[in-house]
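I opened this model to take notes on its surface, its fold and its charged pairs. My entries follow.

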Amino acid sequence: YSTSEEILVPSCCPFSTLGLAAVYVRGATGGHTLLVVDAAGRIHRKVDGVYVEPGRPAPPAWSPRGRYVVFVKEDAAAGNPIRAVDIATGQLLEIPLDLSGALEVAVGGGRDAGVSRTLVAVVAVGDGEGVRNHVYVADVTAVLQER
């Protein structure tokens, strides 16, 4: 994939057989887009209105089995909510977390005692008491169902 726009922090799908990578692209107006591209450079999925932390942003976060890319949606009124795009369908899913001012997200998980789990960690700022710099961790297995 080639563009005159700035490409930021690539990340590879955890399953190399899918041959996909995700990147953030900063548009001419300063807004960001999440792109999932294949090994031939073709756009597989595109999501506009993504929040990317200034400075050294974290790369796009893949779910453990590579079905979803999880990101922060740029929506200050809603506290920059966490969303996921289903790579197979393009459907956007809401990750229901009670937080405000999300900045970055990471996803991990695996099998424990035969049960698969998907966890999301979110760095966020702001709450009703003026406290900053929060880390939220949540089990999102029910939302990000990877078959």
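I started with the accessible surface of the protein, which comes to about 8,100 Å². Carbon and sulfur atoms hold 51% of that surface. I kept in mind that this is a predicted model. Next I looked up burial: of the 147 residues, 39% count as buried.

**Nonpolar patch.** Which residues form a nonpolar patch on the surface? I found Leu119, Val123, Val135 and Val137. Together they have about 340 Å² of accessible area. Strand S10 (115–124) and strand S11 (134–139) are the elements that give two or more residues to this patch. I checked one member, Val123, which lies in strand S10. Val123 counts as partly exposed because its relative accessibility is 33%, and the buried class ends under 20%.

**Overall build.** I counted secondary structure next. The protein has eleven strands and zero helices. Along the sequence the pattern reads β-β-β-β-β-β-β-β-β-β-β. The C-alpha trace spans about 50 × 45 × 25 Å along its principal axes. I then asked what radius of gyration a compact globule with 147 residues would have.

**Salt bridges.** How many salt bridges does a search of the whole structure find? It finds four.

- The side chains of Glu6 and Arg26 meet in a salt bridge at 2.8 Å, N to O. Glu6 lies in strand S1 (residues 6–12) and Arg26 in strand S2 (residues 20–26), so this pair ties together parts that are 20 residues apart in sequence. Glu6 is partly exposed, with a relative accessible area of 40%. Arg26 is also partly exposed, at 31% relative accessibility.
- Asp139 forms a salt bridge with Arg117, and the closest N and O atoms are 3.6 Å apart. Asp139 is in strand S11 and Arg117 in strand S10, so parts 22 residues apart in sequence are tied together by this pair. Asp139 counts as partly exposed at 43% relative accessibility. For Arg117 I noted 41%, again partly exposed.
- Arg42 forms a salt bridge with Asp38, with 3.0 Å between the closest N and O atoms. Are these two buried or exposed? Arg42 is exposed, with a relative accessible area of 53%. Asp38 counts as buried, at 17% relative accessibility.

**Thr33.** Where is Thr33 placed? I located Thr33 in strand S3 (residues 32–38). Thr33 counts as buried because its relative accessibility is 14%, and the cut-off is under 20%. The side chain of Thr33 makes a polar contact with the side chain of Asp48, at 2.8 Å. I then listed the contacts of Thr33, leaving aside neighbours within four places in sequence. They are Val23, Tyr24, Val25, Lys46, Val47, Asp48 and Val50.

Technical notes. Residues numbered from 1 in each chain as written. Predicted model: local features only at pLDDT ≥ 70, side-chain atom pairs only at ≥ 80, totals over all residues. Heavy atoms only, no water. Helix = DSSP H or I, 4+ residues; strand = E, 2+ residues; numbered from the N terminus. Buried < 20%, exposed > 50% of the residue type's maximum accessible area, 1.4 Å probe, protein only. Polar contact = N/O pair within 3.5 Å; in protein donor to acceptor, adjacent residues only side chain to side chain. Contact = heavy atoms within 4.5 Å. Patch = residues over 30% accessible without salt bridge, like charges linked within 9 Å, V, L, I, M, F, W, Y side chains within 5 Å. Areas by Shrake-Rupley, 256 points an atom, 1.4 Å probe, with all protein chains shown as cover. Rg over C-alpha atoms; globule rule 2.2 N^0.38 Å.
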